[in-house]
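This briefing concerns the structure shown below.

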Amino acid sequence: MNNKMQILNLTAGFGDTKVLKNVTMDIPENKVVTIIGPSGCGKSTFVRCLDRLHEVIRGAWIKGKVLLDDSDIYMDDPIELRRRVGMVFQMPNPFPKSIYDNVAFGPKLNGIRNKKSLDKIVEESLKKAALWNGVNDRLKKNALSLSGGQQQRLCIARALAVEPEVILMDEPTSSLDPVASAKIEDLILDLKKRYTVVIVTHNMQQAARIGDFTAFFLLGKLIEYGETAQIFENPKDKKTEDYITGRFG
Amino acid sequence: MARKALEEGLNEIRNNTIKLGELTKEAIIKSVESLKNRDIAMAEEVMGLEEKSDIINLEIDEDTLRITALQQPVAKDLRFISAMIKISDNFERICDLAEKIAHITIKYKEKKFLKPLIDIPRMALVITEMIDIDLEAIENNTSPSVDKLIEKDDLIDNLYIQIYNELISFMIRDPKKIDDATDLLFVARHLERIGDIAAKTGAQIVYMVEGKRVWIK
């Protein structure tokens, strides 16, 4: 099992506040890693450190290393990094443009102008995001006319269009109904064949269903990280057990 | 208390399993006692206990399914649920075996024993001690002493071998006694099997409490 990313002694925060404390963990290639933990434990900050979105916030700082294919991401160009490491946020956030333009946006930024090439990328990305069959006859319609679940899948298609290697997802189904959530979960399981996925979730059952590995964060520390079945059947740390069984606090 | 409904549900399952365990002990004691005293009324009582054990086991089965569907237990709660499903089945199975002994009592009725019943009641006594160890562990959510359970199970196995050899020699000496001897042999065999189940129950409790697998032969 290859490690796509390696996080080494990662500490991060804002001003005087330390949000992440000395986190070290590996993200295996073509696996789904779920990040769980109570609100304020540093989950979102953690994933935002993996594509350097954390540093764009005023007062944010970071120490330690994040390696992507053994290369320190903080030594490379952040724009190029974000092409390789895509992000899908909690609320679907399509641009107020057509479905087609949403997906073609990234490739166009990367300099692809050829209509045929763009058409192909849009179709393939929408297919990978399991949205093509629902929208192929209305690609020029405004993306905001789609349902919440479809908008989220469009955001995933948009992330896939720039051919990333890692996809980060920050609570991607928390604003969706169970049917739309189930479709996204199926999609995530399908995506891991080609990509490495890191997903933050508050939903324990979701973590159990889709994660190959699960990491439990508490007060900025990585408390336990292991195979999902082990974490949910037989956690090693009492704090993990208290959290996942709902007896935390 | 966090997750009050889950805690209450788990406690109910725990209490019901302990109730089933106590009933199981009563069934074993009464089945052997009824045989020893050829007490038909007591043997019939054992059959009533077996019926009750079916009902309690079914209740536990339904409660565990409902709590799994509604509360999605994980980690120690999930191990608890899985253990209770198996342990309540174990107790119910022991009650079935006690009922089989009660049937032999009814068959025996006025007949004289080939020999005084000494080792069979001893086996029953040791079994109740094993079930006590299991029940105490379930009640306190602590691991039972596996060594003690193995030691007692070995004692039961030795008593069974002793009874087996003795009864075979009766059969060889007097083939007319084969029918009676076989009945007693079945009683001893049922008790030996019950000892195994009581020991394995202990291993299931260890997994429930510690998440660690221990194997008892």
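Which residue of E9(A) stands opposite A:Ile36? The residue opposite A:Ile36 is A:Phe216 in E9(A). The model under discussion is a predicted one.

- An open sheet in chain A is built from 6 strands in the order E6-E7-E8-E3-E9-E10, with mixed pairing.
- Strand E6 (85–88) and strand E10 (221–227) of chain A are the edge strands, each of which pairs on one side only.
- From one strand to the next, the twist averages 15 degrees.
- Strand E7 (residues 166–170) and strand E8 (residues 196–200) of chain A are parallel and share 5 bridges; within this pair, A:Ile167 lies opposite A:Val197.

**Strand E3 of chain A**

- E3(A) is largely enclosed by the rest of the structure, because 5 of its 5 residues are buried.
- In a regular strand, side chains alternate between the two faces of the sheet.
- A:Val32, A:Thr34 and A:Ile36 point one way from E3(A), whereas A:Val33 and A:Ile35 point the other way; all are buried.
- E3(A) runs parallel to E8(A), to which 4 bridges join it, and A:Ile35 has A:Val200 as its bridge partner in E8(A).
- E3(A) also pairs with E9(A) in the parallel sense, over 4 bridges.

**Helices on the sheet**

- H6(A) lies across E6 and E7 of chain A and runs at about 170 degrees to E6(A).
- Helix H1 (residues 43–50) of chain A packs on the sheet, where it touches strand E3 (32–36), E6, E7, E8 and strand E9 (213–218) of chain A.
- The direction of H1 in chain A makes about 150 degrees with that of E8(A).

**Nonpolar cores**

- The largest nonpolar core has 70 residues, and those that touch the most other members are A:Ile35, A:Ala157, A:Ile167, A:Leu168, A:Val197 and A:Val198.
- Helix H6 (residues 148–161) of chain A gives the most to this core, with 7 residues.
- Leaving aside residues up to four places away in sequence, A:Val197 touches A:Val32, A:Ile167, A:Met169, A:Ile188, A:Leu191 and A:Lys192.
- A second, separate core consists of 55 residues, among them B:Val46, B:Phe80, B:Leu167 and B:Ile194.

**Chain B**

- Chain B contains 6 helices and 0 strands, giving the pattern α-α-α-α-α-α along the sequence.
- Taken along the principal axes, the C-alpha atoms of chain B fill a box of roughly 65 × 35 × 20 Å.
- Of the 217 residues in chain B, 41% are buried.
- Among contacts in chain B with a separation of 6 or more, 80% are between residues 24 or more positions apart.

**Contact between the chains**

- Chain B provides 10 residues to the contact and chain A provides 12 residues.
- On the side of chain B that touches chain A, helix H3 (residues 75–108) of chain B supplies the largest share, 4 residues.
- This side of chain B comprises 5 nonpolar, 2 polar and 3 charged residues.

Technical notes
Residues are numbered from 1 along each chain as its sequence is written. Chains are lettered from A and ligands numbered from 1 in the order in which they are written. A nonpolar core is a set of buried Ala, Val, Leu, Ile, Met, Phe, Trp, Tyr and Cys residues joined through C-beta atoms within 7 Å. A residue is buried if 20 or more other C-beta atoms lie within 10 Å of its own, exposed if 12 or fewer, and partly exposed in between; C-beta atoms are placed from the backbone. Helices (H or I, at least four residues) and strands (E, at least two) are DSSP runs, numbered from the N terminus. Two residues are in contact if their C-beta atoms, placed from the backbone, lie within 7 Å. Two strands pair if DSSP finds at least two bridges between them. Axes are lines fitted to C-alpha atoms, for helices over the stretch in contact, and angles run from 0 to 180 degrees between N-to-C directions. Ala, Val, Leu, Ile, Met, Phe, Trp, Tyr, Cys and Pro count as nonpolar, Asp, Glu, Lys and Arg as charged, and the others, Gly among them, as polar.
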